[in-house]
Amino acid sequence: MASRSVVAVVATGGTIASLDRGDGHVVAAVPGSTLVAAAESADGGEAIEVYEAMRVGSYALDAAGMLTIATAALEQARRPEVCGVVVSHGTDTMEETAWLADLLHEGEVPLVFTGAQRHAGLPDSDGPANLDAAIRLAREPGARGLGAVVALGGRIDHAREATKLHTTESRAFGSPGAAGPLGEIGADWVRIDRRPEDRPRFAVPQALEQRVHLVRLAAGCDGSLIDACTDAGARGVVVEAFGIGNANGPVLAAVRRAVASGVVVLITSRCPAGGVAAVYGNGGGQDLLAAGARFGGTLSGAKARVQLMVELAPA
């Protein structure tokens, strides 16, 4: 069996690969090989191989694009000579693609997602340092079995927990409600403090179900957005409900209509931390459960949507 000595870098674009094209528009333009040349640890020893999956801003990704990236990372992870996979990715939707990859990943090889908050044309771009740290984490023996993680600004967060919390700060990601990050990465060290909990696994689908929508509740809203999703042919609707998983009468009625039409309705919370449960009546979680809605535990709305897109994937 070949020794695991290769770090595979899957380049997808994002701010880390972006430049100002001269008219004030910043676009993804830098090849992955150029990024690695600027970031690779000089004393790493292991080979680094670069695979260009695409070159886009992650705000432009759709379900097919996310699956393409996740599949490319998984293909590299299955190679017997690969010790770790790094995915350079835009930060806007990194947490969703990383969670998708984690749901589909059955091996021990770590999948390390990283990116940048300041584009590659800026003198203080954080991209090279983040990519260098991600490569070192991918090489770290203790990272085996972590699944998919987000490594940015020296922090390691598991894909299930990682959430972009700031639009511009270099340490953009955190894990609301979790027991801190999985670990941290310094200039010449990697520390892993805890391991992720067991997580669901799914077979890699040919395509994701794209007709899954996300609706966030606000005070006094009605069920018109849920009805619109149902009328548009949705197969699933994730509702970011109030608090522990509550709604109001009009929303409850729309949930009943959606479920009766065959739509899977999944309840999460709009709160950044904590889970949902069927506790309250009068439009609360008890009534939503009785209406046929499912509950998404501690998953954020965006992560619950990704998981439902996998669960409802066409056979």
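Contact here means heavy atoms within 4.5 Å. This is a predicted model, in which local features need pLDDT of at least 70 and side-chain atom pairs count only at pLDDT 80 or more, while totals for chains, interfaces and linings use all residues. Residues are numbered from 1 along each chain as its sequence is written, and side-chain values use heavy atoms, with hydrogens and water left out. Helices (H or I, at least four residues) and strands (E, at least two) are DSSP runs, numbered from the N terminus.

**Nonpolar cores**

- A nonpolar core is a set of buried Ala, Val, Leu, Ile, Met, Phe, Trp, Tyr and Cys residues joined through side-chain atoms within 4.5 Å. Buried means under 20% relative accessible area, exposed over 50%, and partly exposed in between (1.4 Å probe, protein chains only).
- The largest nonpolar core has 46 residues, and Val85, Leu100, Leu111 and Phe113 touch the most other members.
- At least two residues of this core come from each of strand E1 (6-13), H2, E5, helix H3 (94-104), strand E6 (111-114), strand E7 (148-152) and helix H8 (301-311).
- H2 gives the largest share of the core, nine residues.
- Leaving aside neighbours within four places in sequence, Leu111 is in contact with Ala73, Leu74, Ala77, Val85, Ala101, His105, Gly147, Ala148 and Val149.
- In soluble globular proteins, nonpolar side chains tend to be buried together.

**Salt bridges**

- The whole structure has 18 salt bridges, each being a side-chain nitrogen of Lys or Arg within 4 Å of a carboxyl oxygen of Asp or Glu.
- One of them joins the side chains of Arg79 and Glu49 (2.9 Å, N to O). Arg79 is in the loop between helix H2 (63-77) and strand E5 (82-88) and Glu49 is in strand E4 (residues 47-56), so the pair ties together parts 30 residues apart in sequence. Arg79 is buried at 18% relative accessibility, whereas Glu49 is partly exposed at 25%.
- Asp157 and Arg155 also meet through their side chains in a salt bridge (2.7 Å, N to O). Asp157 is buried at 1% relative accessibility, and Arg155 is buried at 15%.
- In the salt bridge between Glu209 and Arg235, the closest N and O atoms are 3.3 Å apart. This pair links distant parts of the chain, 26 residues apart: Glu209 is in the loop between strand E12 (190-192) and strand E13 (212-216), and Arg235 is in the loop between helix H5 (224-231) and E14. Glu209 is buried, with a relative accessible area of 6%, while Arg235 is partly exposed at 32%.

**An open sheet**

- Strands pair if DSSP finds at least two bridges between them.
- Four strands make up an open sheet with parallel pairing, in the order E13-E14-E15-E16.
- E13 and strand E16 (294-295) are at the edges with a single partner strand each, so one side of each has no neighbour in the sheet.
- Strand E15 (residues 264-269) pairs with E16 in the parallel sense over two bridges. Ile267 has Phe295 in E16 as its bridge partner.

**Surface**

- Ile244 is in the loop between strand E14 (236-241) and helix H6 (249-260), and Ile244 is partly exposed, with a relative accessible area of 31%.
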